[in-house]
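Subject: Structure for your review

Dear colleague,

Please find below the structure that I am handing over to you.

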Amino acid sequence: MTPDFLLEEHPLLLLNPRLVPPYGWAGHIPFAFLAVDLLRPRTLVELGTHSGNSYMAFCQAVRALELDCRCSAVDTWQGDAHALHYGEQVYQALRARHDPLYGDFSRLLRARFDDAVGQFAEGSIDLLHIDGLHTYDAVRHDFETWLPRLSERAVVLLHDTGERGRDFGVWRFFDELAARYPSFAFEHSHGLGVVAVGARIPPSFAAFMRRAAEAPQAVRGFFAALGGKLVDADGHPVEGTPVEAPPPGTHLYYRRRDESYDESRMVSMAPDALEGVLDLQFRLPADTTPDYLRIDPADHPGIYGLGRVAWRAQADEAWHELSGLPGRLGHVHGELLPSQATHGVRLASFDSDPHLEFEIGSALPQRLPGEWLEVAIRVEYEVVIDRPALHRLLERQSESIVEMVHLSRERIDVQNLLREFAGQREQLLAMSGEFGQQGQALREQSAELAERRQQLQHLLLGFSHQREQLQGLASSLAQQQAQQQVRMDEAAAVRSELEVLVKQSARQQLDTQAALERLQQGVDALAARGFVARMRRLLGRAR
């Protein structure tokens with residue numbers, strides 16, 4: 001490197017920090033040490049601190065250099081869309097580590113960025129680290145809001161300049177700043193932008209910026225290598241890095257169907273010891289009616305059993321047990337193991353985020369407004385691996401372990417299948433004997449059916465002869481009926497003729513009777529005239 005900038009003059013960058021999850025910023029800690037060494041700030045402010053890896057590194061450097069510097073970390077410690085939302089335990093864990101070490105010159109200022117800016121005088125801040133919400137509008141707003149508070153020797157650091165997904169816009173705003181101020185960007189650990197905003201930055205820091213501009217790849221490679229001594233390319237602590245294990249805790253997340261899990265919808269508790277069987281009770285906020293719950297039994301790899309799950313509302317005295325837990329499981333982070341309890345589940349996890357989700361909404365009744373809900377879960381802590389070295393070993397070997405678990409599970413499945421096949425073979429042999437007996441009975445029934453068939457055939461032949469005879473009789477009967485019909489037709493014709501003759505005879509009889517009546521009338525008329533007497537006399541004379 002050039003005489004203007006000599007690394008051997010800054011051994012501070014080789015300090016060993018203590019890390020806590022998440023580790024996304026940890027790769028830039030060596031440069032954080034160097035930046036404090038080069039700037040020697042009088043006021044240092046960080047916007048967005050989370051668990052504190054970056055801020056604690058700044059404070060560690062200030063303490064090591066014995067600087068007269070006031071440090072402030074500004075955050076609500078509630079999270080955002082990019083850092084995700086988290087609960088009170090993140091702030092409390094940071095405070096427990098921070099206050100004893102750096103409380104005499106540093107403070108954790110719990111406030112929104114815009115609300116906190118008024119607590120700093122104009123032109124007072126020498127080092128500003130912006131790591132809040134990473135959208136373009138948000139980071140630009142933060143920079144412009146705090147710009148009047150920056151001194152003439154100020155440097156601004158912007159994290160996540162290497163991220164371009166999920167609506168990240170730091171890279172875009174950093175490009176705009178690079179056109180206005182001397183700037184440099186690291187590419188490892190999600191990227192870190194360095195912007196020399198002040199018009200009179202210290203010569204030592206200006207020398208570094210010149211060296212970075214002259215040999216950017218060499219500078220990036222050097223600090224990436226230093227960061228690689230702390231975390232690997234995947235962002236996990238390397239072996240030998242001091243890591244502070246998070247305090248033991250069990251977390252219950254809750255959500256509706258259209259929500260995602262975050263730490264704003266989480267209830268936590270810290271058991272005295274993560275061992276044995278514990279009945280854990282979580283009280284959800286009033287008016288909370290979850291559809292799904294997610295239990296995180298610990299922040300360590302291990303084997304965990306989940307047994308009885310029960311709930312009660314504020315108005316209930318008795319607990320209501322949640323039935324059918326295995327059938328209610330949703331997302332599971334880990335490997336499910338066989339469970340001796342028919343109503344429980346067992347989980348094996350090889351990383352620090354074991355959890356499983358289960359559905360509960362269908363079991364919950366409607367509750368009165370303002371009522372809280374209490375959930376009781378029985379957790380068995382079979383194995384808890386709380387040593388960071390073993391964590392890393394498990395993470396490296398997790399794929400092999402999972403394959404072994406799968407192979408073991410497949411071997412067990414094969415053995416179970418063989419046992420099932422043996423049992424089925426015995427059943428088949430028994431069924432074969434039964435089928436033999438049934439076959440003999442079927443053969444006997446078949447012989448009987450053959451005899452009955454022959455009898456039926458004889459009957460059918462007799463029925464056939466009878467049918468022919470009946471058909472002959474029917475034909476004769478039809479002929480007789482035809483002849484009878486002819487005779488009936490002839491008789492009807494004769495009857496018609498007789499009826500005509502009878503009518504004619506009757507008519508003639510009437511005519512004859514009428515003639516006789518007329519003759520009688522004529523005789524009577526002649527008699528009246530004496531014609532009969534004269535005829536008698538004449539006839540007498542003739543004799």
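This is a predicted model: local features need pLDDT of at least 70, side-chain atom pairs count only at pLDDT 80 or more; totals for chains, interfaces and linings use all residues.

Overall composition

The protein has 543 residues, of which 39% are buried. Its secondary structure consists of ten helices and 20 strands. Among contacts with a separation of 6 or more, 75% are between residues 24 or more positions apart. The accessible surface amounts to about 31200 Å², and carbon and sulfur atoms contribute 53% of that area.

Helix contacts

Two helix pairs are described here. In one of them, helix 1 (residues 29-39) meets helix 8 (residues 216-228): their axes come within 8 Å and cross at roughly 115 degrees. On the side of helix 1, the contact involves Pro-30, Phe-31 and Leu-34, while helix 8 supplies Phe-223, Leu-226 and Gly-227. By class, five of these residues are nonpolar, one is polar and none is charged.

The other pair is helix 5 (residues 136-146) with helix 6 (residues 170-178), whose axes lie 8 Å apart at an angle of about 45 degrees. The contact of helix 5 with helix 6 comprises six nonpolar and three charged residues, with no polar ones.

Two buried residues

Val-62 is situated in helix 2 (residues 53-65). Its relative accessibility is 2%, and because buried means under 20%, Val-62 counts as buried. Which residues does Val-62 touch, not counting those up to four places away in sequence? They are Val-36, Leu-67, Cys-69, Cys-71 and Phe-105.

Met-209 belongs to helix 7 (residues 203-214). With a relative accessibility of 10%, Met-209 likewise counts as buried, the cut-off being under 20%. Once neighbours within four places in sequence are left aside, Met-209 is in contact with Pro-182, Ser-183, Phe-184 and Val-194. Between the C-alpha atoms of Met-209 and Val-195, which are 14 residues apart along the chain, the separation is 9.4 Å.

Backbone features

Pro-21 and Pro-22 are joined by a cis peptide bond, with omega at about 0 degrees. Pro-22 is placed in the segment before helix 1.

Where is Ser-189 found? Ser-189 is in the loop between strand 8 (183-186) and strand 9 (192-195), and its phi is positive, about 50 degrees, although Ser-189 is not a glycine. His-190 is found in the loop between strand 8 and strand 9 as well. His-190 also has a positive phi, of about 75 degrees, without being a glycine. The relative accessible area of His-190 is 34%, so this residue is partly exposed.

Yours sincerely

Notes
Residues are numbered from 1 along each chain as its sequence is written. Side-chain values use heavy atoms; hydrogens and water are left out. Axes are lines fitted to C-alpha atoms, for helices over the stretch in contact, and angles run from 0 to 180 degrees between N-to-C directions. Helices (H or I, at least four residues) and strands (E, at least two) are DSSP runs, numbered from the N terminus. Contact means heavy atoms within 4.5 Å. Ala, Val, Leu, Ile, Met, Phe, Trp, Tyr, Cys and Pro count as nonpolar, Asp, Glu, Lys and Arg as charged, and the others, Gly among them, as polar. Buried means under 20% relative accessible area, exposed over 50%, partly exposed in between (1.4 Å probe, protein chains only). Accessible areas come from the Shrake-Rupley method with a 1.4 Å probe; for residues, only the protein chains shown count as cover.
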